[in-house]
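I opened this entry to keep track of what I looked up, chain by chain. Short notes follow the display.

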Protein chains: 2
Amino acid sequence: MNAKGKILIADDEPDIVEIIRYNLTKEGYEIVTANNGDDAIQKAKLSQPDLIILDIMMPRKNGVEVCEILRAQPAFKDTVIVFLTALSDESSHVKGLETGADDYISKPVSPKILVSRIHAIFRRINKEPEEKVIKIDNLEIDPVKFEAKVDSKAVVLAKKEFELLYLLASKPGRVFLRNEILNQIWGNDVIVGDRTIDVHIRKIRQKLGIDCITTVKGVGYKFTM
Amino acid sequence: MNAKGKILIADDEPDIVEIIRYNLTKEGYEIVTANNGDDAIQKAKLSQPDLIILDIMMPRKNGVEVCEILRAQPAFKDTVIVFLTALSDESSHVKGLETGADDYISKPVSPKILVSRIHAIFRRINKEPEEKVIKIDNLEIDPVKFEAKVDSKAVVLAKKEFELLYLLASKPGRVFLRNEILNQIWGNDVIVGDRTIDVHIRKIRQKLGIDCITTVKGVGYKFTM
DNA sequence: ATATTGAGTTCACAATTTCTTAATATATCG
DNA sequence: CGATATATTAAGAAATTGTGAACTCAATAT
């Protein structure tokens, strides 16, 4: 079976490991475990997990050290690392952020929170999700062929137009703020004028000839059929 | 409203406030500001932010004092508080964390670090409870789609109307003071006349066609079904 | 080397919607 | 009943989006 993702759990307390393993396995993740710092590094290299959960307090290199060592390697530059922190150990939060951890989970571990947090992280990881063909009524959007069809008739869209349409249509009904759109399509640091989005929206509406993008004044745009 | 989260910034240096406001607004956060300690406490109570950024050095109660006062109140037990510290003031880091702050950011503020830190904090908060569809009887309010439904029939609300309805419906039965409403929907630095709220309330009642907002004379409004 | 093309952006202004105000009517409470 | 608060209405202000045209910049064709 195709696992949702591979997760490495490193903690020296077997109980904790088991709680986490049980809950995440149940959710369809593939689990690898380690019980000390050196082991964690070893296993990480071998199994190349998508996500690593590191206990801060571990024998033979603590979590922060492991994180630093892994982060120094190109292979783990983009791996998501999450710390397990005891509640008492407040200051390590700060330290962790600087070291390059992406999130924290506090002990004692609540299975419900754990699972939702992990889900959220994987959602975030998959920012370039499966390029899937979207079909809604008589509209078809194929990100692989980079083409849109209305009533099986191809419509030629420019790159930005296509990206914009695909973004909106990927979550029909959901309102995308102008800011969100800018971040997703143009990127965080690109600055374009206020009217640029409108112009692209217009082009899409024009070219498709169907009314599938609704303006939510003062908020953004949403896809609706 | 469709904001990712609400942040209160308290600092007596307008420049700093503006830098932070600009960068976080761009990221889709809703910003409320204060320029001294007392003001910060006031604004915190009124607007109930998810995160509070406190400058340590402020007139009329410094950041640590503000933090202590807020932390003593149940409403702010779980609010994330972050200190702004001058680099010189090393010792206050420790003090701050002891007081119950969750993190600190050093001045001068680097926008990039600021943003990533705030993002990380919000990921940690896991603020799922917000941004949730509200369903009460035959009324449905979906903040993601920015749409309200009565008997499964969509009702088009303007931005302010929607925000207002969502606010009231988020805590059915609870009375919202006019002041609270102003701070939550308009923000603390916007001044609008007394009758403005009434007009929006009226529009909501009119558009929904159902009687779900009750006037509490001399106090405010509440949602009731 | 020069023209052509088209995507992407910007601009000025028009069109539209939303928000606020002001004025008046109505309701409520002691 | 009288004082105060809210409801209602219409109209003008303010804000936001739509639009046509022009401009920049590459890539491509001539």
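Below are my notes on the ground rules, then chain A, then chain B.

**Ground rules**

I am working on a predicted model, where local features need pLDDT of at least 70, side-chain atom pairs count only at pLDDT 80 or more, and totals for chains, interfaces and linings use all residues. Residues are numbered from 1 along each chain as its sequence is written, chains are lettered from A and ligands numbered from 1 in the order in which they are written, and side-chain values use heavy atoms, with hydrogens and water left out.

**Chain A, overview**

I looked up the secondary structure first. Chain A has eight helices and 12 strands. Helices are DSSP runs of H or I with at least four residues, strands are runs of E with at least two, and both are numbered from the N terminus. Next I checked burial. Of the 225 residues of chain A, 45% count as buried. Buried means under 20% relative accessible area, exposed means over 50%, and partly exposed lies in between, with a 1.4 Å probe and protein chains only. Then I took the contacts between residues at least 6 apart in sequence: in chain A, 54% of them join residues at least 24 apart. A contact is heavy atoms within 4.5 Å.

**Chain A, helix α2**

Which residues of α2(A) are buried? I find A:Gly37, A:Asp39, A:Ala40, A:Ile41, A:Ala44 and A:Ser47, in a helix that runs over residues 37–47. Their cover includes β1 (6–10), β2 (30–34), β3 (51–55) and α3 (63–71) of chain A. The general rule for such patterns is that an α-helix has 3.6 residues a turn, so residues three or four places apart point the same way.

I then looked at both ends. At the start of α2(A), a side-chain oxygen of A:Asn36 comes within 3.0 Å of the backbone nitrogen of A:Asp38. Just after the helix, A:Gln48 has a positive phi of about 45 degrees.

**Chain A, single residues**

A:Thr79 sits in the loop between α3 and β4 (80–86). Is A:Thr79 buried or exposed? Its relative accessibility is 9%, so A:Thr79 counts as buried. Leaving out residues up to four places away in sequence, A:Thr79 touches A:Pro49, A:Asp50, A:Leu51, A:Ile52, A:Arg71 and A:Asp102.

A:Glu161 lies in helix α6 (residues 159–170) of chain A. A:Glu161 is buried because its relative accessibility is 5%. I looked for what its side chain reaches, and found the backbone nitrogen of A:Ala158 at 2.9 Å. With residues up to four places away not counted, A:Glu161 touches A:His200, A:Lys203, A:Ile204 and A:Lys207.

A:Lys61 is not a glycine, yet has a positive phi of about 80 degrees. I place A:Lys61 in the loop between β3 and α3 of chain A. Its relative accessible area is 33%, so A:Lys61 is partly exposed.

**Chain B, helix pairs**

I took α6 (residues 159–170) and α7 (residues 178–186) first. They pack at about 125 degrees, with axes 10 Å apart. Axes are lines fitted to C-alpha atoms, for helices over the stretch in contact, and angles run from 0 to 180 degrees between N-to-C directions. That angle makes α6(B) oblique to α7(B). Under 35 degrees counts as roughly parallel, over 145 as roughly antiparallel, 65 to 115 as roughly perpendicular, and the rest as oblique. On the α6(B) side, B:Lys160, B:Glu163, B:Leu164, B:Leu167 and B:Leu168 meet B:Ile181, B:Gln184, B:Ile185 and B:Trp186 of α7(B). I sorted these contact residues into six nonpolar, one polar and two charged. Ala, Val, Leu, Ile, Met, Phe, Trp, Tyr, Cys and Pro count as nonpolar, Asp, Glu, Lys and Arg as charged, and the others, Gly among them, as polar.

Next came α2 (residues 37–47) and α3 (residues 63–71), which pack at about 30 degrees with axes 9 Å apart. The two are therefore roughly parallel. B:Gly37, B:Ala40, B:Ile41 and B:Ala44 in α2(B) meet B:Val66, B:Ile69 and B:Leu70 in α3(B). This contact has six nonpolar residues, one polar and no charged.

**Chain B, single residues**

B:Thr33 is in strand β2 (residues 30–34). B:Thr33 counts as buried because its relative accessibility is 13%.

Key
A polar contact is a pair of N or O atoms within 3.5 Å; within protein, one must be able to donate a hydrogen and the other to accept it, and residues adjacent in sequence count only if both atoms are side-chain atoms.
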